[in-house]
Each structure stands twice: as structure tokens, then as C-alpha cells.
Amino acid sequence: MAIETPTSVPAGTPGPVAHPAPPALSGRARLVLLVLCAAQFMVALDFSVLNVALPVLGEDLGLSRSGLQWAVTAFALPSGGFLLLFGRIADLYGRRRLFLSGLAVFGASSLLATMAWDPASFLTGRALQGLGAAVIVPTGMSLLTTTFPEGPLRDRALGISGTLLSLGFTTGMVAGGVLTDTLGWRSTMGLLSVAAVVVLALAPKLLAESRTPDRPKLDVPGAVTVTGGLLALIYSLSTAAERGFGGTDVRITLVLGVALLAAFVVVESRSAAPLVSLPMLRRRTVAFGNLGGLATFSMMSTIVFVLTLYLQDLLGLSAFGTGLVFGVQGLASVAAGAFAPKVIGRIGARRVLVFSLLGQGLFIGALLGLGEDSGVWLATVAVSLASACHLGAIIAYGLTVTSGVPDGEQGLATGLVTTTQQVGITIGIPLLGVLSTTQGSLFDGVRLVVTAAAVILVATGLAVGAGLRRAS
């Protein structure tokens, strides 16, 4: 698909060479970007739109408190576990084809969840939603990076995509409460079904097929070990968030997940056509870029979780008031999304990633100033500024990881990016959020989580900075 760019200055032109004007997107390219970003926004919305509806949903369908956890876990397991596999399948057999299939599965399963008549039908719908998301996210991202060439155009496209990703998560928290109070919990799932239908209607006319020129055999042993390892790890950490790490099933699946991922590394080192290229993972930009992505996603999701508890359970803020706090956070993300590509154009994605991680850590650290009976304004300002840095980190790590990667491996590279994203969102709350409910008081737990998140982000920022400084 052609992307319109200004005509460059001919070689040999006398006098000083003028800097080219910023590249422009054609009308069709804008529509392609709109469709791909709408799909990513829809999936991000699904991560959070149901959260505030869970108590009402459980009462309506007869789900116990422990069963409500599966409303989240049933989605998280396939959405995180199958990302790498579908990213590679898309490279080999067609990104557009798989993207459209994922939209169809997501839309149909959202309709099933909307019409659910018992816990089993609802959880089936959620699991299929997660499977559809595991197809949409890597294929959508690889379609974006192969459509827009590396440079300012891709920077802009990823900036818009990253902004909508962050905004979708925040919008879901606000919209979920409004929809549940006015139309009932089923409207949260119905909204996703309608969105999928709209995107599916537009996508076939706009998206061109793309795949790798050669089609090597799919690495089945690698697919089995990495998918099984991710599924076991996500199950273990998600279950630990509800019941702690003392359960036998939690310990077994945690060990199994680590063992399978270790086996995956061995399998890939011996495979003629590996699912994941180990030389790619040894690239500093890929390794340290994904480390930064993992930290920014996991810590931000954790802070949002504990701040929700703090605002409602300690300060007595209503669900609507809490939604307004995170609404300001969403506006900060939008502003950062518009600003970040310009900064990246000036100082580079790697520096922006490092500065964003450090800034996110420092602003989260400012939350240590919260009091047991006051702190709404501090929470609003600090989490909004941290979210702006978080958005900068999202855009910068995606660019850092995918820059310099051939088109034939973009599905693999973006599969790593999106796996980091999904796993980061999934593991943050189990690893740190559970601390907020296991301390002597909720306030002590919130302070402990804030301290840990700030330290992790600053330490990661310094490590990423040191690692990328030596990258070629």
C-alpha cells in the first residue's frame, strides 16, 4: 500500500539542503491506521470494562467470589498464552487472513458472553474472547509495522496505537461503571461485540495481505512448549492473586511453566525453523526493549489496582469519583501520545524509553505522600504524570524492539512486544498487588506496593539505559 511522503531534495542541488517536511499519511493509510488502532483499543477495553461489573455479574449468574476470578483468568490465559504462536502463524500464512479470523472469533464470543445463561457459557465466551485477542493483537501490530515504513511514519502510527491502547484500558474502567449502572453488566460485553462487527466490516476493504516470502514448517515443539509454559505461568500467577502462593496447583503450575519455558529455549536452539529466533533475542534492542516494556506494563497495572482499593476502601470515594480520577489519567495519556513521537524524533526511542521508565518510577514514588484520610489530589496528579511517562515507554519500547527487524520477521518481533504487554498486565497484580491485602492494614499494603513499584521501575530504567548504550 502506498504511503504518501514529500518529494526529497534532488542530489546535487546547490546551496544548503532543506530538511524534508514531516511525512504525510494518505487518506487510505489513515483509514488503515484507524481500523488497526480500533481493534487494539477494543482488546484493551476488554481488559478493564468488566472489572467493576463483576459483583453484579456474579450475583446474576451465580458465580462465587472465587469463580469471579475466572471471569478475568479465562480471558488472560489464552490471550497471553497464544500470542507468540499466532504471531508466527501470521508471518507464515497471512497476517490479514488471521486478523480477520481473530475479529470474527472475538465478536462471536463477545455475543456469547453477552447472552450467557450460566457460569459455564459465560466463561466459555470469555476464554474464546481471549483466544480472539491473542490473534488480533500480534497480527494487528505486525500489519501496522509492515504497512508503515520504519521512520517518522511508523513513529506516528505506533504513537497513536500506544495512546489508544492506554486510553482503552482507562476508558474501560470508566465506561464499565456507567454501563453497568445504566444498562446492566451484559452491555459491557455487548459493546465489544458491536465494536468487533464494525471493525470486521471495514477491515477487508482496507487491509492488504502480507506474509513472509518463504513458508518454512511451523516449529511445533517450540509452539507446544512456549504456549504451555505461558499458560501454566499465567494460570499460576493469576490464581496466586486470589489465593496466594500456598496452593498445590499454584506451585505445580508455576514450576511447570518455568520448566516448559526452559525447554522452549533448548528446543529453539536446535530447531531448523525456530518459532523464536534466539539471535533476535540476543539483540540488545530486543532484550532490553522488552525488559522495559515488561516493567512499565506490570507496574502500571499494579498501581491502578492498588489505587482503586485506596480511593474506594480508604477514602470512601464512589465508583464514579474513582472513574474520574482515572479519566484524568486517560487524558494525560492522550496528551503524552501526541507529544511522545516528536520527542522520539529529536532524541531517539531508546532515550525516551529510559527517561520514561525513570519518570514513571519517580512519579509513582510520589504516591508515598498519600495519607490515610486524604490524598485524592495527589493521587490524581501523580498517577496522571506516571501514566504520561508510561505511555512514552509503551511507544518507545515498541519502536526499540521492532526497529531494524526485516518485514519477514515483524510478526515475530511484534509477537514478542505484545506478549510482553499481555504478560506484564497479567503478572503485575499477582506479584505485587497481592501485597496490598496481606499487610496489617490496607494503607501499609499500598505504601509497600508503591515503594516496590517505584524501585523496580527506576532500577529497570537504569539497567535498560546501560544495556542499550552498548547496543549497535
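The values here come from a predicted model. Leu281 is part of helix α11, which covers residues 278-282. Along the sequence, 135 residues separate Leu281 from Leu416, while their C-alpha atoms are 9.3 Å apart in space.

Both leucines also belong to the lining of the second largest pocket. Of the 19 lining residues, Leu230, Leu281, Leu416, Thr419 and Thr420 lie nearest the centre of this pocket. The space in the second largest pocket comes to about 500 Å³. Its lining has 16 nonpolar and three polar residues, and no charged ones. At least two lining residues come from each of the helices α9 (220-243), α10 (248-270), α12 (284-314) and α16 (410-431).

Another part of the model is the contact of helices α5 and α6. Helix α5 spans residues 95-114 and helix α6 spans residues 119-147. Their axes lie 7 Å apart, and the packing angle is about 155°. Angles over 145 degrees count as roughly antiparallel, so α5 and α6 are roughly antiparallel to each other. The crossing of α5 past α6 is left-handed. The residues of this contact comprise 13 nonpolar, 12 polar and two charged.

| Site | Nonpolar | Polar | Charged |
|---|---|---|---|
| Lining of the second largest pocket | 16 residues | three residues | no residues |
| Contact of α5 with α6 | 13 residues | 12 residues | two residues |

Note on methods:
Residues numbered from 1 in each chain as written. Predicted model: local features only at pLDDT ≥ 70, side-chain atom pairs only at ≥ 80, totals over all residues. Heavy atoms only, no water. 1 Å grid on protein atoms, 1.4 Å probe; cavity = no way out; pocket = protein on both sides within 12 Å on 5 of 7 lines; lining within 4 Å. Points joined across faces, edges and corners; volume = space filled by probe spheres on them. Helix = DSSP H or I, 4+ residues; strand = E, 2+ residues; numbered from the N terminus. Nonpolar A, V, L, I, M, F, W, Y, C, P; charged D, E, K, R; others polar. Axes fitted to C-alpha atoms, helices over the stretch in contact; angles between N-to-C directions. Parallel < 35°, antiparallel > 145°, perpendicular 65-115°, else oblique. Left-handed = near helix turned anticlockwise from the far one by under 90°.
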